[in-house]
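I am opening a notebook on this structure. My plan is to look up one thing at a time and write down what I find.

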Amino acid sequence: MDKKILGIDFSDNGILLSFYSDERKWYYPAAVSRDEISHSWLIGRAAYESALNGTGIITDKLLTFLDKHKTTTLHGVSYTATELVGNFFKAIINDVCSDTDIPDEIVICVPDITMGIINSLTECINYLGIKGTNVHIISRSEAFIYYSMSQSQDFHNNNVALFSLEDNALTYYEMKTQRKPKTTLVYAEKVLMDESFNIEISNTDAGAKLADHILVSCVERLFKNKVFSAVILTGKGFQTIDWAPEFTKLICKRRKVFLDDEIFSRGAGFRGADIVSERPVFQFVPICDGRVDCSIFLTINKKDRTMAYPIINIGDPWYSIDRQVKIIPTERKEIELSVVPLDERMRRTVHVPVPFLIQRPARTTALGLGLHFSNAHVMTIDIEDLGFGDFYPSSHQKISQEVTLWG
């Protein structure tokens, strides 16, 4: 593969970068400042050092800073969140990449996908001078899927578990596959555990024993009646696991265990390889944060037969969905959509009334039907009267209806 693909894992704790098919990696704390004398941008540990010696004003927890659209003033100059984080990314790329090593594709994974994060990160990347179509944003859950599915078959024969332990947060991910006649569905879910603890307690014997007990209780509950072929540990808290002997003993029973602090950036790189390949590298459909967990069908009549016309497929990225369909209703005064999740027994029907249909005879109105998502579970349906040629000009009437798919 000729193209250079850079996978990036970005969170409030830090940013980890790695090139696809390259063992090099770079890590920086998520902090930035601007030097008062040289006016250069300082990142990571250099930013903290500038704050300590009084030459810089530091801003950290940059992902939250970006998500909340904050502003800050550095040495009398005001910066928006996208300007600040954009300069952070630019300084990192300049630090990591030589002139001949500029990435063709960048895949950034973040803990949680929101439309605000996607729009803000895309704007930040404009500071790099790379076209927006070459930047892709996915969730850590999706990166976890691509990393796991890139491994040998015995790695993901059964469920795969991932524990991420940061300063004050324990996050659990679980991946499972469902093989169907025509495709393989790979499902990953994420849980922010209530049993979080500060990793500093593992520095004392009593604290380590407590933390070990917490992890053991989590595993006993999460793994009950399930079969796992692999467990992955990542994050600052799992740089070593000597402090958690009972937890280690439990997760190592009849399964492989890996310590890997690069899993998300590497997974982002594998996703990038799949994007740029002329033929799909991976033959599966991911279902996770950032992806739609159901298919949506439009009920239509074709040659006097009622049919289900697919307009959204399970596993589509919800944030890029913008479906536009032109339809001609029959005698019905509503549009009928079928929502079909992974468990087809939970399928439901959504009826969207179209009040302006009553003003014309049947089959004399063309409608523009648009569907887009504000998040994974809320879909907006836009319906517009397109008229019917010269006989019935468009009334330009429009309606919009939000539909909550689940929950």
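I need one cut-off before I start: I call a residue buried when its relative accessible area is under 20%, and exposed when it is over 50%. I also keep in mind that this is a predicted model.

**Entry 1: helix α8**

I began with α8, which covers residues 263-276. How far does α8 reach from its first C-alpha to its last? I read 20 Å for its 14 residues, close to the 20 Å expected at 1.5 Å a residue. Next I checked burial. Of the 14 residues of α8, 11 are buried, so the helix is largely enclosed by the rest of the structure. I noted the buried ones: I263, F264, S265, R266, G267, A268, G269, R271, G272, A273 and D274.

**Entry 2**

I then looked at an open sheet of 3 strands. Their order is β5-β4-β6, and the pairing is antiparallel. Which strands are at the edges? They are β5 (41-43) and β6 (59-60), and each pairs on one side only. I followed β4, residues 31-34, to β6 and found 2 bridges joining them. V32 stands opposite T59 in β6.

Helix α3, residues 81-96, packs on this sheet and touches β4, β5 and β6. I put its direction at about 75° to that of β5. Helix α1, residues 45-52, also lies across β4, β5 and β6. It runs at about 110° to β5.

**Entry 3: a hairpin**

I moved to β2 (residues 14-19) and β3 (residues 25-29). They pair in the antiparallel sense over 5 bridges. I looked up one partner: I15 is bridged to Y28 in β3. The hairpin has 5 residues between its strands, and S21 there takes a positive phi near 60°.

**Entry 4: the nonpolar cores**

How many residues make up the largest nonpolar core? I found 68. Those with the most contacts inside it are F10, F89, I108, I296, L337 and M379. Helix α3 gives the largest share of this core, 9 residues. I also found a second, separate core of 26 residues, which includes A211, V216, F238 and W243.

Leaving aside neighbours within four places in sequence, L337 is in contact with I296, F297, L298, I311, R348, T349, V350, L371, M379 and I381.

**Entry 5: T365**

Is T365 buried or exposed? At 3% relative accessibility, T365 counts as buried. I located T365 in the loop between β21 (348-353) and β22 (366-375). Beyond neighbours within four places in sequence, T365 has contacts that include I327, I328, P329 and L357. R360, D385, G387 and F388 are also among its contacts.

**Entry 6: S400**

My last stop was S400, in strand β24, residues 398-404. S400 is exposed, with a relative accessible area of 56%. Which residues does S400 contact, leaving aside neighbours within four places in sequence? I found I381 and D382. The side chains of S400 and D382 are joined by a polar contact of 2.5 Å. I also looked at V352, which is 48 residues from S400 along the chain. The C-alpha atoms of S400 and V352 are separated by 9.4 Å.

Note on methods: Residues numbered from 1 in each chain as written. Predicted model: local features only at pLDDT ≥ 70, side-chain atom pairs only at ≥ 80, totals over all residues. Heavy atoms only, no water. Helix = DSSP H or I, 4+ residues; strand = E, 2+ residues; numbered from the N terminus. Expected span 1.5 Å × (residues − 1). Buried < 20%, exposed > 50% of the residue type's maximum accessible area, 1.4 Å probe, protein only. Pairing = 2+ DSSP bridges. Contact = heavy atoms within 4.5 Å. Axes fitted to C-alpha atoms, helices over the stretch in contact; angles between N-to-C directions. Core = buried A, V, L, I, M, F, W, Y, C linked by side-chain atoms within 4.5 Å. Polar contact = N/O pair within 3.5 Å; in protein donor to acceptor, adjacent residues only side chain to side chain.
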